[in-house]
Amino acid sequence: FLRVHISEDLSWSLNTAKLIKKVQQRLYFLRTLKKAHLSPQILSNVYRCTIESILTTCFTVWYSGCTTADRKALQRVVKTAHHIIGAPLPAMAVLHRTRCLRRAGKIIKDPSHPNHGLFALLPSGRRYRSLRSRTSRLRNSFFPNTITLLNPQAPALA
């Protein structure tokens, strides 16, 4: 129903493979429209409506838990669309970052949200409290990953 596939070992490889298969079917239509000599602006709009919407379904949930190979495969599809369109397209990592930050902003602004308490500021008021995680699966999930994105990076020591 939600178009999210979870395998028995709770990895996102099955989900990524299904998404890539569905997107490659849509790339055919993009190529057909390119042959009809449509402008890159129209092709970019078609990409955002038909392909990017599929790639980013429940994106904030599963992308940070993907393997490097899955991320490369997803980015390869975006690169293929970029070559078809001839206009720059945002990378998957950039889309993930902006969508996570946008969702976190909405959760932080809404005190009635069930997960509002997970975004607790430290006493300094500048950084959010990190969630303790013993497993990489939890560390790569939405909340710890987004808190890492929200917290400013410490300056590098020389």
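The following questions and answers describe a predicted model of one chain.

Residues are numbered from 1 along each chain as its sequence is written, and side-chain values use heavy atoms, with hydrogens and water left out. In this predicted model, local features need pLDDT of at least 70 and side-chain atom pairs count only at pLDDT 80 or more, while totals for chains, interfaces and linings use all residues.

Q: How many helices and strands are there in the chain?
A: Helices (H or I, at least four residues) and strands (E, at least two) are DSSP runs, numbered from the N terminus. The elements run α-α-α-α-α-α-α from the N terminus on. The count is seven helices and zero strands.

Q: What percentage of the 158 residues of the chain count as buried?
A: Buried means under 20% relative accessible area, exposed over 50%, and partly exposed in between, with a 1.4 Å probe and protein chains only. The C-alpha atoms fill a box of roughly 60 × 40 × 35 Å, taken along the principal axes. Of the 158 residues, the buried share is 31%.

Q: Which elements are included in what covers the buried residues of α4?
A: The buried residues of α4 are D70, A73, L74, V77, V78, A81, I84 and I85. They cover an arc of only 135° around the axis, which puts them on the same side of α4; the arc is that of the directions from the helix axis to the C-beta atoms. On the other side of α4, T68, A69, K72, R76, K79 and H83 are exposed. The cover over the buried residues of α4 includes α1, α2, α3 and α5.

Q: Which exposed residues does the face of α5 turned away from its buried side carry?
A: An α-helix has 3.6 residues a turn, so residues three or four places apart point the same way. In α5, the buried residues are M92, L95, H96, C100, A104 and I107. Because they cover an arc of only 155° around the axis, they lie on the same side of α5. The face turned away from that buried side carries K106 and K109.

Q: Which residues does T16 touch, not counting residues up to four places away in sequence?
A: T16 lies in helix α1 (residues 13–35) and is buried, with a relative accessible area of 1%. Contact means heavy atoms within 4.5 Å. Not counting residues up to four places away in sequence, T16 touches W62, C66, D70 and L74.

Q: What separation lies between the C-alpha atoms of W12 and T67?
A: W12 is found in the segment before α1 and counts as buried at 16% relative accessibility. Among the residues that W12 touches are V61, W62, G65, C66 and D70. W12 and T67 are 55 residues apart along the chain, and their C-alpha atoms are separated by 7.9 Å.

Q: Which residues lie nearest the centre of the largest pocket?
A: On a 1 Å grid over the protein atoms alone, a pocket is an open set of points where a 1.4 Å probe fits, with protein on both sides within 12 Å along at least five of seven lines; lining residues have an atom within 4 Å of a point. The elements that give two or more residues to the lining are α3 (59–62), α6 (136–139) and α7 (142–150). Of the 19 lining residues, those nearest the centre are W12, V61, G65, R137 and S141.
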